[in-house]
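Visitor: I would like to take a close look at one part of this structure, the open space at its surface, and then to follow what surrounds it.

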Amino acid sequence: MGVTCVSQMPVAEGKSVQQTVELLTRKLEMLGAEKQGTFCVDCETYHTAASTLGSQGQAGKLMYVMHNSEYPLSCFALFENGPCLVADTNFDVLMVKLKGFFQSAKASKIETRGTRYQYCDFLVKVGTVTMGPSARGISVEVEYGPCVVASDCWSLLLEFLQSFLGSHTPGAPAVFGSRHDAVYSPADTMVQYMELFNKIRKQQQVIETRKPNQ
């Protein structure tokens with residue numbers, strides 16, 4: 001596990017999500033990247049059950065339960081503005097038993113699936129983000145394997161990102177700032193995916209509100 005940057009790639013003008021993904025993967029293959037299987041990251045949102053909030057007008061908290069095919073034996077539970085709990089896959093069963101405290105939000109499942117590419121010391125994953133049956137965006141994950149401290153390799157990661165993302169190259173992830181000189185962990189990657197998924201959800205909400213009344 002190296003240092004990873006997760007970002008969103010906007011859909012190219014006049015192209016569909018799938019066509020943009022194909023353009024991006026073609027660029028990677030032209031650079032010399034080789035396919036190394038597939039990947040999937042999924043996320044389901046839970047909110048605090050109304051019965052636990054009392055009558056004080058407390059705001060409910062959100063928890064995101066996530067899985068990453070890179071860590072098939074782990075489950076990640078990320079609290080809104082809080083810590084990330086790393087548990088084994090039985091955590092999903094536990095959530096069913098905790099339905100009196102946390103309830104699954106309706107139609108909250110969001111995931112990204114795509115192809116893994118290896119290019120020298122970089123592992124690149126380009127995925128199609130879906131909500132329900134519809135494609136909603138594009139995720140790009142780049143991992144630099146030989147390094148585990150973000151501050152030591154961000155400039156190298158940035159240079160590689162620029163080679164195939166061009167003007168859409170992202171800035172340093174927020175998690176890099178809080179863990180500048182700390183050892184990078186899988187939980188840091190999941191925090192980035194949580195932020196990406198929430199960003200895409202909000203973009204979709206804006207699109208829905210702009211639609212004319214039928």
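How many residues line the largest pocket, and which of them lie nearest its centre?

Guide: This is a predicted model, in which local features need pLDDT of at least 70 and side-chain atom pairs count only at pLDDT 80 or more, while totals for chains, interfaces and linings use all residues. Residues are numbered from 1 along each chain as its sequence is written, and side-chain values use heavy atoms, with hydrogens and water left out.

The largest pocket is lined by 16 residues, and those nearest its centre are Ala107, Ser108, Met131, Arg201 and Gln205. A pocket here is an open set of points on a 1 Å grid over the protein atoms alone, with protein on both sides within 12 Å along at least five of seven lines, whereas a cavity is a set where a 1.4 Å probe fits but cannot get out; lining residues have an atom within 4 Å of a point. The space in the largest pocket comes to about 280 Å³, a volume being the space filled by probe spheres set on grid points that are joined across faces, edges and corners. Helices (H or I, at least four residues) and strands (E, at least two) are DSSP runs, numbered from the N terminus. By class, the pocket lining has 4 nonpolar, 6 polar and 6 charged residues, where Ala, Val, Leu, Ile, Met, Phe, Trp, Tyr, Cys and Pro count as nonpolar, Asp, Glu, Lys and Arg as charged, and the others, Gly among them, as polar.

The structure holds 1 cavity of 30 Å³ or more, and about 30 Å³ of space lies in the largest cavity. The cavity is lined by Ala150, Val175, Phe176, Arg179, Ala182, Tyr184 and Asp188, which by class are 5 nonpolar, no polar and 2 charged residues.

Helix α1 (residues 17-31) packs with helix α3 (residues 150-165) at an angle of about 115°, the axes being 9 Å apart; axes are lines fitted to C-alpha atoms, for helices over the stretch in contact, and angles run from 0 to 180 degrees between N-to-C directions. Leu24, Lys27, Leu28 and Leu31 of α1 meet Ser163, Phe164 and Leu165 of α3, contact meaning heavy atoms within 4.5 Å. Leu165, at 3% relative accessibility, counts as buried (under 20%; exposed is over 50%, and partly exposed lies in between, with a 1.4 Å probe and protein chains only). Leaving aside its neighbours within four places in sequence, Leu165 is in contact with Ser7, Met9, Leu24, Val140 and Pro170.

The structure holds 9 aromatic pairs, rings of Phe, Tyr and Trp (its six-membered ring) being paired if their centres lie within 6.5 Å, with planes under 30 degrees apart counted as stacked, over 60 as edge-to-face and the rest as tilted. Tyr119 and Phe160 form a stacked pair, 5.6 Å centre to centre with 15° between the planes. Tyr119 lies in strand β7 (residues 110-119) and Phe160 in helix α3, so the pair ties together parts that are 41 residues apart in sequence. Tyr119 is partly exposed at 25% relative accessibility, whereas Phe160 is buried at 6%.
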